[in-house]
Amino acid sequence: MKLLTGNDLKSGLVTWWTGKDWSINIEDAVDVGEEGEAILAAEQEAQRVNSAYIIDGDEDAGTPRPGHIKDRVRALGPTVRPDLTLKPNDASAIDKVV
Amino acid sequence: MYKYDQYDQSIVDARVAEFRDQVERRLAGEITEDQFKPLRLQNGLYLQLHAYMLRVAIPYGTLNSEQMKMLAHIARKYDRDYGHFTTRQNIQYNWIQLDQTPDLLADLASVEMHAIQTSGNCIRNISSDQYAGAAADEVTDPRPWAELLRQWSTFHPEFAHLPRKFKFAVIASEEDRAAMRLHDIGIQLVRNDAGELGARFFVGGGMGRTPMIGPMVRDFVAADDLVSYAEACLRVYNRYGRRDNKYKARIKILVHELGKDEYTRQVEEEFKHIKTLNLDPPKAELERITTFFQDPDYDKSASDDLDLSDPDFAIWVDQNVKTHKQSGYAIANISLKPIGGIPGDATSAQIDVMADLAKEYSFDELRVTHAQNIVLPHVKKSDLYTLWQKLDEAGLATPNLDLISDMIACPGLDYCSLANARSIPVAQKIAQRFSDVGKQKELGELKLKISGCINACGHHHAGHIGILGVDRKGVENYQLSLGGSGAEDVSLAKITGPGFDEDGIVDAVEKATNVYLKEREGDERFVDTYRRVGMAPFKEALYD
Ligand code: SF4
């Protein structure tokens, strides 16, 4: 699957394209398929998100999973600060990144 | 400590106002990211892996308690309650919001701080010896010179768009505590046979993907000519440094390709020309600056006696306390490397504690070191025990300065968008493996440095043991190297062979230390033994 990601202009937080908007939760991300470049161009125009790019991913138990570790770290948060990740109470979340 | 005059303050205030306007226009969609990016970078604002990251300049690593308190306030108000002290003696915050940045910069400006010269192809924040003004071995205090260079370089129109970033270090002792030879320009203040002050100039050092040790281009530049000579070095670089290839754009490549002699010839020619232009800063300005760096009001009758009956205190003193030039006083190092912690990180509460302790026990002064620790430079020996107790209460009394767990580690893939692999978890695992202080002390001085990519912010080339994170088909892998040093015995580490996975690299470090323990003679440090016996026994232990 193809995922579209970037960083929110105002907060800088990692965001994922949900089909009609952006979300900080990768669970909300959709497969952009062949549409990625067109959405990217439109969104660049809208200027809500910075440095957006398309990545490869697959699905893991119904949740999109980025193919590269860098994007998996982006999707969760710093692995060395579980308290600052998006899943502070899920002890297994970091193992899934690595 | 230096105090801003009205010029310093007005240019910093004007910059905040200008950036406020730029941020508003960006948020309103009036300028694109391509237009905005160079503007935010000129104000230290990067876009990193998880959010915006702001790097705040700490000129030559020196700050007072009020400024340190402000760093804590910023961590609390604008970030997630902590900051990360860097190998450039700066601090960075990992979770900054763009719309709040102008207010943050205004807060910084209220205590004579800013984030200028922490990004972009300009002369970056000047670094120096963290013991400046306190060290027994310095020929003079290097900070007035570092400050003069700061003023000269800030918004220098000719050097605002260099081929690449440019880093200075200024020291004034034979012992190099600032990795001076691994800077674009390293300046060592010295006295000649006649007792006159001048400087050795080393040009073209650096780490990154092509590490080089800066050769000496002049063994004595008269003190009055120091800025003009630096200007000449920069001018030749600005003229001929490569702008077509980012990876060949640093001055080290120019010096290497021209050869030291030809580069020096051109600098000398340029220097002669500059001298005809009367560009030297007025002597009165250096004198004005120097008045801010007078010795504090030491108690000359302070005693050198120290009660070491508390064994934990004795260990801390032995490891973290260094000789001061004034009898009755000491230099206290605060390690930001607790076992299992994140090297260089401190919470806002810890930053506050260090600020308060500096005010109470160190004439209101603190220093940040390139090894990501904090120094209280002027502590009365009779205050050391109380100071240590208060540090201990705040989790700041780890007695490991220069030991294996006092690692330099860059943010790596946990925070940095350029990273190939995570550095911090490796640092944590190694620290845990060697958590016993006795074991660490048995190994003695051992500088271990970890970078998450070839950019080498974690100084791995200069580690007695260096670790570089690489990306092997999407999997983190770690290369081990041995024999580097950023000190006066400067050398570049050599790769041992194929890399290791995350657990494998921890084992590899332990194996390397075992070879050292077996092979060492007398009071050799790890790096001394490596230099004597060479790579072979280490390779054998690592790969056979
Ligand atoms: S060395 Fe690489 S990973 Fe580490 S901070 Fe520098 S750029 Fe980032």
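Leaving aside neighbours within four places in sequence, which residues is B:A135 in contact with? Let us work through this and a few more exercises together.

**Ground rules**

This is a predicted model, where local features need pLDDT of at least 70, side-chain atom pairs count only at pLDDT 80 or more, and totals for chains, interfaces and linings use all residues. Residues are numbered from 1 along each chain as its sequence is written, chains are lettered from A and ligands numbered from 1 in the order in which they are written, and side-chain values use heavy atoms, with hydrogens and water left out.

**Exercise 1. Describe the surroundings of B:A135.**

Step 1: Find the residue. B:A135 sits in the loop between β6 (127-128) and α5 (143-153) of chain B. Helices (H or I, at least four residues) and strands (E, at least two) are DSSP runs, numbered from the N terminus.

Step 2: List its partners. Contact means heavy atoms within 4.5 Å. Apart from neighbours within four places in sequence, B:A135 is in contact with B:R177, B:K325 and B:I331.

Step 3: Classify it. Buried means under 20% relative accessible area, exposed over 50%, and partly exposed in between (1.4 Å probe, protein chains only). B:A135 counts as buried because its relative accessibility is 5%.

Step 4: Check a distance. B:A135 and B:R250 are 115 residues apart in sequence, and their C-alpha atoms are 32 Å apart in space.

**Exercise 2. Which residues of helix α1 (residues 36-46) of chain A are buried?**

Step 1: Name them. The buried residues are A:G36, A:I39, A:L40 and A:E43. They cover an arc of only 100° around the axis, which puts them on the same side of α1(A). The arc is that of the directions from the helix axis to the C-beta atoms.

Step 2: An α-helix has 3.6 residues a turn, so residues three or four places apart point the same way.

Step 3: Turn to the other face. The face of α1(A) turned away from its buried side carries the exposed residues A:E37, A:A38 and A:E45.

Step 4: Find the cover. The buried residues are covered by elements including β1 (2-8), β2 (14-17), β3 (22-23) and β4 (49-60) of chain A.

Step 5: Look past the helix. Just after α1(A), A:Q47 takes a positive phi of about 55°.

**Exercise 3. What surrounds the ligand?**

Step 1: List the shell. The ligand is surrounded by B:C410, B:P411, B:G412, B:C416, B:L418, B:A419, B:G452, B:C453, B:N455, B:A456 and B:C457. A residue is near a molecule if one of its heavy atoms lies within 4 Å of it.

Step 2: Sort by type. The shell has eight nonpolar, three polar and no charged residues. Here Ala, Val, Leu, Ile, Met, Phe, Trp, Tyr, Cys and Pro count as nonpolar, Asp, Glu, Lys and Arg as charged, and the others, Gly among them, as polar.

Step 3: Follow one member. B:A419 is found in the loop between β16 (408-409) and α13 (424-433) of chain B. B:A419 is buried, with a relative accessible area of 3%. Leaving aside neighbours within four places in sequence, B:A419 is in contact with A:K70, B:G412, B:L413, B:G452 and B:C453.
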